[in-house]
Amino acid sequence: MINTNSYQAKQFNLSGLNGISDRTLEMHFKLYEGYVKETNRLTEKISEFLRDGKVDQEEVPAYSELTRRLGFEYNGMVLHEYYFGNMKQGGQVDAERNSAFFRAAEGSFGSYDIWRADFVGIGKMRGVGWAICYENPANGRLSNHWITLHETGNVAGFNPVLVMDVWEHAFLLDYKPAERPKYIEAFFSNIAWNVCDERLKRDLVARSATARELG
Ligand SMILES: [Fe+2]
């Protein structure tokens, strides 16, 4: 039984991307839906243990294993939503010079190009995982991170601004395993930079402060 708080898979209209085929995306959406389903299923299973108000001693191993898996499934669900959400048909290779993201990258890395080199470098790292550009909401500073699987390396409280899936399933139907750089190039040509700008919380705070001052 799934309770009323269960998650629903979101829909993303991404057909016709540059260098990432519709076939890849359809397969990827199915994988994402699997994470949503598992997140709901594990949440329900864990709640069954708690129905009598406690975790009995003999339930601890199963309860612990399910709880560990929950981190994997939850992050798998959420990161895919960020990833699909920061691509669009007709996206642009690079952030506009006067955009909030460009300014944040310059302020954090000295230049946008250095930010980009770092993000792309992380994307090319060996292993299965994600490259994520986070914003520290306390000071607006951006930093790029490698996430192993879905759950190892996320920075608590940080805000994901640009999320790139570099698991092989993200590109294997379109490129050879060794061609990850080509996939990264394709990913960059589809970025919805307007979404990245909207995700920046610090900038949002600054904008609303300016609006208040002007108002
Ligand atoms: Fe994925």
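**Exercise 1.** Which residue lies over the face of Phe188, and at what distance from the ring centre?

*Solution.* This is a predicted model, in which local features need pLDDT of at least 70, side-chain atom pairs count only at pLDDT 80 or more, and totals for chains, interfaces and linings use all residues. Residues are numbered from 1 along each chain as its sequence is written, and side-chain values use heavy atoms, with hydrogens and water left out. A charge sits over a ring if NZ of Lys or CZ of Arg is within 6 Å of the ring centre and within 35 degrees of the ring normal. Arg116 lies over the face of Phe188, 4.2 Å from the ring centre.

**Exercise 2.** Classify the pair of rings formed by Phe12 and Phe29.

*Solution.* Rings of Phe, Tyr and Trp (its six-membered ring) pair if their centres lie within 6.5 Å, and planes under 30 degrees apart count as stacked, over 60 as edge-to-face and the rest as tilted. By this rule there are 24 aromatic pairs. For Phe12 and Phe29 the centres are 6.4 Å apart with 20 degrees between the planes, and the pair is stacked. Both Phe12 and Phe29 are buried (under 20% relative accessible area, with exposed over 50% and partly exposed in between, for a 1.4 Å probe and protein chains only).

**Exercise 3.** Which residues coordinate the iron ion?

*Solution.* Donors are N, O and S atoms within 2.8 Å of the metal (3.2 Å for Na, K and Ca), and sites may look incomplete because water is not among the atoms. The iron ion is coordinated by His28 (NE2), His80 (NE2), Asp165 (OD) and His169 (NE2), at 1.9 to 2.2 Å.
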